[in-house]
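Welcome! Here are a few exercises on reading a protein structure, each followed by a solution in steps.

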Amino acid sequence: MFGEKACNLIKELSRCENVLPPYNTDMVKEVCAEIKQLDDLNRSNGAIVASESGLAVNSNPLYPTLRIGVTALKRNVRCLIAYHHNRLRILRTMRWEFGSVLPADIKVNMSSEEVEWFCQYSRNLAKYMRSIGEDGLNLGLDLRPPKSLYIEVRCLVDYGKFELSDGTVLLLKKDSRHYLPRTECEELITKGIFQHIL
């Protein structure tokens, strides 16, 4: 039955919410073949309906078949668009969660076009972040707004001197505690030099 394979694509994707299932190349090809088949059928039926112009278009016996064919074709196209759109939505979310490098188990589930799209999206995002302000702005550091501008941190290693943006120089020794602006600490927290004390 027309539209069943396209509907199965959507069901497959909806079963794996916020997880990227393997790209179903075979099913996508089958849906594309069905779209081509429907298009050919609709063209031939449309030509017959158009050639029998003596009859009213609505009373032609092929007219309901033509309408059903066009509706099935549009449904298949919409299902394919929804399938690809939702996969890209999941990939966009994963870019913000994992950064520009995806884990291997996720990359295995992607098509070559999705890998290319993800790389281009990461490049565009990095270019945009570099263009904000003088030194750029990393939008991936805090996905939720901070509750306070200052945080308490503990130094995990003997780091030495560290200069803050206001010119203050701190001596960072192992196990020393500091109450510093969040923006000054984020990079050192990600490097493993500071530990955020909650």
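A residue is called exposed when its relative accessible area is over 50%, buried when that area is under 20%, and partly exposed in between. Keep in mind that the model you are looking at is predicted.

**Exercise 1. Classify Val-108 and Asp-175 as buried, partly exposed or exposed.**

Step 1: Locate Val-108. The loop between α4 (104-107) and α5 (112-131) holds this residue.

Step 2: Compare its value with the cut-offs. Val-108 has a relative accessible area of 66%, so this residue is exposed.

Step 3: Do likewise for Asp-175, which lies in the loop between β3 (169-172) and β4 (177-181). Its relative accessible area is 47%, so Asp-175 is partly exposed.

Step 4: Look at the backbone too. Most residues other than glycine have a negative phi. Asp-175 is not a glycine, yet its phi is positive, at about 70°.

**Exercise 2. Describe how α2 and α3 pack.**

Step 1: Decide what to report. Two packed helices are described by the angle between their axes and the distance between the axes.

Step 2: Read off both values. Helix α2 covers residues 25-51 and helix α3 covers residues 63-98; the angle is about 155° and the axes are 9 Å apart.

Step 3: Name the arrangement. Angles over 145 degrees count as roughly antiparallel, and α2 and α3 are therefore roughly antiparallel to each other.

Step 4: On the α2 side they include Val-28, Ile-35, Leu-38 and Val-49, and on the α3 side they include Leu-66, Leu-73, Val-77 and Leu-80. By class, the contact of α2 with α3 has 14 nonpolar, seven polar and two charged residues.

**Exercise 3. What are the overall dimensions of the protein, and what is its radius of gyration?**

Step 1: Start with the elements. There are six helices and five strands, and along the sequence they follow the pattern α-α-α-α-α-β-β-β-β-α-β.

Step 2: Take the dimensions. The C-alpha trace spans about 95 × 30 × 25 Å along its principal axes.

Step 3: Compare with a reference. A compact globule of 198 residues would have a radius of gyration near 16 Å, whereas this protein has 28 Å.

Step 4: Check the burial. Of the 198 residues, 30% are buried.

Step 5: Finish with a pair of residues. Val-108 and Asn-138 are 30 residues apart in sequence, and their C-alpha atoms are 28 Å apart in space.

Notes:
Residues are numbered from 1 along each chain as its sequence is written. This is a predicted model: local features need pLDDT of at least 70, side-chain atom pairs count only at pLDDT 80 or more; totals for chains, interfaces and linings use all residues. Side-chain values use heavy atoms; hydrogens and water are left out. Axes are lines fitted to C-alpha atoms, for helices over the stretch in contact, and angles run from 0 to 180 degrees between N-to-C directions. Helices (H or I, at least four residues) and strands (E, at least two) are DSSP runs, numbered from the N terminus. Angles under 35 degrees count as roughly parallel, over 145 as roughly antiparallel, 65 to 115 as roughly perpendicular and the rest as oblique. Contact means heavy atoms within 4.5 Å. Ala, Val, Leu, Ile, Met, Phe, Trp, Tyr, Cys and Pro count as nonpolar, Asp, Glu, Lys and Arg as charged, and the others, Gly among them, as polar. The radius of gyration is taken over C-alpha atoms; the globule rule is 2.2 Å times the number of residues to the power 0.38. Buried means under 20% relative accessible area, exposed over 50%, partly exposed in between (1.4 Å probe, protein chains only).
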